[in-house]
Structures are given as structure tokens and as C-alpha cells.
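Subject: Structure handover

Hello,

Here is the structure for you to look at. My notes on it follow below.

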Amino acid sequence: MNGSQFPSGFVWGTATAAYQVEGAVAEDGRVPSIWDTYCEQPGNIVDHSSGAVACDQYHRYAEDIGLMKQLGVSAYRFSIAWPRIVPEPGKVNDKGIEHYVRLLDALRDADIKPVVTLYHWDLPQWAQDRGGWENRGVSQWFAEYAAIMAHALGEKVDTWTTLNEPFCVAFLGYGSGVHAPGISSDLAALKAVHHLNLAHGLAVEAVRAELGDGARLSVTLNLPMAYPASDSAADREATEHRNLMTRDVFLGPMLEGRYDPRIIERTRAITDWSFVHDGDLAVIRQRLANLGVNFYSTDTVRRRPGIPLNALDPRVGRGREAIPAVGGTETLAPTGELTAMGWNQDPRGLTDLLVGLSRRFPDLPLVVTENGSAWDDEVGADGLVHDAKRVSYLERHIKAVAEALRQGADVRGYYAWSLLDNFEWAWGYTKRFGLIRVDYGTQRRIWKDSARWYSKLVQSGVIPPDGYLQ
């Protein structure tokens, strides 16, 4: 599909997250987040690092905006660090707000639309000390923080995204414990699911109360794209069950105002869901400007014979099954050439995901808010990074977006993950996703071939021809 022309007005952007790029974790009134705490605990981070410095974007944002200007992107998706804004309940850190005002003004001056994510995993430690996402009260504190930001930033923001990937927050942070805050509990994970959903709804209401009905609001979900290992009824059933527990626990409440009754029934051994209060689902379901979709790879699922579909993982502690009540299902090892993360490359999954979502929610525009790949990049003798595998990944996945558009999916934009190599959570600095390489010792930014390729795409709206970089 070389030469594919994307629609006029299609938004091309790039994305980062505060804890992964900002650094400056103890400057200008910022207080610790759960990730600061998690990184201090031995064994949690592969290379024993943290986001304390990261890409130093807190001080270097002007340089990075210059890179985006060179790339030609029209939008930048980034997150605000809640611990920079609210040092404790009821207090506001003006220096934190001033930083984001400067950042937004600089983006606007560069004619780059700011797409602001209010929560990209860096819960203030003070909130975790009060129960974290297991505590219903955190949902209200999040709404109060959202109102503070809406009041402070107002129309400087193009689109407000409430949450990034609540799946990872709930299931990796509270289910398997391989992300901060490192809790391993089925009950904690399901409480977190609901309180994240509630936080989303309350935050949408809070921003609209400040800015009016014209405010553009969104949420970004990573929705595992699973295929059955065979056409057998058992494997199809296992895949559907896993989708209920990974996708519908968010899509149902946020977009339909309901939890699928099968979710409630199949988790009865864990909870009676009494943490869902009257009126919650009406709050959670909100009108949105678009749905953000993050996509990297696909899963293949098979039924485990002789085990109840909703069996619980009997293991305790870090690394147990992240998703509650899926013991009768098995995700097979990925095949084909894997990225540095050990993830497969399956662009058809992105097409199928976008088309499926558009058919299920025909009135809701979609935006691919993250897509990219990690590879073991090296700087060549010419001082550049020739990352042909990342270019190939981008090309095939952007063609998958074009195919989704051809099939009628209402896709309005694409954001490459990531602008910069950065702190990759539990992997530390051992994995590089950036279009731009970061030399962490000097903070020098180095263009990769993928950045050159992406720049050609976003400035023309046409997928570059084969051999463009040769």
C-alpha cells in the first residue's frame, strides 16, 4: 500500500509520559510518586535505575519541542505529573502549574497541539499511603486534581485524556505486582479497576464543570487483541472470557454504563462487587471526543483443559497472573521475529482492533495514541542510528491503520511511541522505543532513521516509498 494518502486533517503526533522523560523528581515542590518508591526497592527495576533524571525534559522541553517541529508533527501527547501539582490533599503547588503553563505556551508557539494525559501511572505516594486505587477516595482526589489543571490550563489544552492504560495500573500494579505499587491481589486489582473507572468519570465531570461542554475529553485504553489458538469452541470461549476480563471491564462501564454480568458472576469467588455504589455507572459513562487506543502486539489464547475457565491463580506474591479469574485460559508464547520487549509483530491486530471498535461504537472517533517498538539500537560510524527494524514496524502498522480506514473505521490520528528513548518502567533504560535516541550520559538527542522516515510521512500524509532511506 505504498503511496497511501491519509485523509486531510488526520493528526500525526508523538507521545511521552512524565515519569519516563521529565526527571527533576525533587525539584520545584514535586513530591514522591509510587514509581519513585518502587524504584528504591531492590529487584524491582532490571538495571536498578529510576526516573530521577530520565531524559531531563523538565529542563530541556524547548529542545524537544524543536525536535518535534523538525519532525513536523502537529500534536504532542504528554502527561502531567500529579505529584508536581498536589503535594498533599487540599494543597496546590504553583511552581508545578507554572512549568506546564510554560510547556503548553511553547507548544502553542510551535503550532503543536497539546494533548494532555492527567494520569500516566505516577500516583502520588501520599495517595498510595491512603490505600491507592483500592481506596474509593482516590477517585475523588483525582477529580479534584483534574479540576485544578482545567482551571489553570484552560483552553491551552487541545484534548484532555483522563487515564492512560488503566489495564496496566490495575492488573500490573495491583494484580501481578510487576509495576508500582507492587501489590499482588485479585481483590485489589478489581477494586482498582472500578476506582479507575470512577476516577475517569469524575474527572470528565470536573473538567467540563470548569471549561464547559466544549472541552474535548478522552481516555486511552490498551485493549489486548487476542486470537484463539484454534477454531475450536473451547479456544474461542477462552478468548472471549479473557477479553471480558481485560477489555470489557473498561469498555463496558466507560462507554455503555455497565459491567457485563458475566464479569460479575465469574469473579464471585473474589468479590461481591459491593465497592460499586448506586450511581457509579452513570458517572463513569461519559460523552467523549474520542477513544485513545494503544497497540503494540497480539496474543494467542487457548483453553486449558480440566480447569474451570475462571479459576484463580493460587500463587502469591510478585509475578502471579495479573488478570483475575482467567486460570482456565493460557496465552501462548509469541512467534515470529520478536521486538526487544519479546513482543510479536502482528499489524493485522491493529486493523482488526480499530475496525471492531468502530463497529461496536460507531459514533466514537478513534485515535491510535501509542504504537511503536523497542530494538537494540546502536549509533553507527556516521553518528546516526540506522534502525531498519523500527522503520519496518512503523510502516507495516501505519499501513494497518490505512487498511482500517479503508474498511470504514473512524480513525482520526496516530501518535508514535515514543518521541525519545526513555525510562521504560520495570525495564529501566534497557529498552529503547524512541524515534530520537537519548545518550543518557550527556542527554544528547540523536536522530534515528525512524525519525527521518516518520517525518517524511507526517509532512506529506503519504507512506514513504520503499527504499526512501537508502
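The model is predicted. Mean pLDDT for the protein chain is 97, and 99% of the residues score at least 70. Among the elements, H15 has the lowest mean pLDDT, at 97, while helix H1 (residues 18-21) has the highest, at 99.

Start with strand S7, residues 290-294. Five of its five residues are buried, so S7 is largely enclosed by the rest of the structure. Asn-290, Gly-292 and Asn-294 point one way from the strand. Leu-291 and Val-293 point the other way.

S7 pairs with strand S5 (residues 217-222) in the parallel sense, over five bridges. There, Leu-221 has Val-293 of S7 as its bridge partner. S7 also pairs with strand S10 (residues 366-371), again in the parallel sense, over four bridges.

**On to S11**

S10 also runs parallel to S11, and four bridges join them. Val-368 stands opposite Tyr-414 of S11. Strand S11 covers residues 411-417 and is mostly covered itself, with six of its seven residues buried. Strand S1 (residues 11-15) pairs with S11 too, in the parallel sense, over five bridges. Val-11 has Gly-413 of S11 as its bridge partner.

**The three-stranded sheet**

There is an open sheet of three strands, in the order S6-S8-S9. Its pairing is mixed. The edge strands are S6 (225-228) and S9 (329-331), each pairing on one side only. From one strand to the next, the twist averages 35 degrees.

S6 and strand S8 (residues 298-303) pair in the parallel sense over four bridges. Tyr-227 stands opposite Thr-300 in S8. Helix H10 (residues 233-256) packs on this sheet and touches S6, S8 and S9. The direction of H10 makes about 125 degrees with that of S8. Helix H13 (residues 348-360) lies across S6 and S8, running at about 105 degrees to S6.

**A helix pair**

How do helix H14 and helix H15 cross, and at what angle? H14 spans residues 388-406 and H15 spans residues 449-460; their axes come within 8 Å and cross at roughly 30 degrees. That angle makes H14 roughly parallel to H15. On the H14 side, the contact is made by Arg-390, Val-391, Leu-394, Glu-395 and Ile-398. On the H15 side, Asp-449, Ser-450, Trp-453, Tyr-454 and Leu-457 take part. By class, the contact has six nonpolar, one polar and three charged residues.

Is Ile-85 buried or exposed? Its relative accessibility is 0%, so Ile-85 counts as buried. Ile-85 sits in helix H4, residues 82-85. Leaving out residues up to four places away in sequence, Ile-85 touches Ile-80, Lys-91, Val-92, Asn-93, Gly-96, Ile-97, Tyr-100, Tyr-145, Ile-148 and Met-149. Tyr-61 lies 24 residues from Ile-85 along the chain, and their C-alpha atoms are separated by 18 Å.

Best wishes

Notes:
Residues numbered from 1 in each chain as written. Predicted model: local features only at pLDDT ≥ 70, side-chain atom pairs only at ≥ 80, totals over all residues. Heavy atoms only, no water. Axes fitted to C-alpha atoms, helices over the stretch in contact; angles between N-to-C directions. Helix = DSSP H or I, 4+ residues; strand = E, 2+ residues; numbered from the N terminus. Parallel < 35°, antiparallel > 145°, perpendicular 65-115°, else oblique. Contact = heavy atoms within 4.5 Å. Nonpolar A, V, L, I, M, F, W, Y, C, P; charged D, E, K, R; others polar. Buried < 20%, exposed > 50% of the residue type's maximum accessible area, 1.4 Å probe, protein only. Pairing = 2+ DSSP bridges. pLDDT = per-residue confidence, 0-100.
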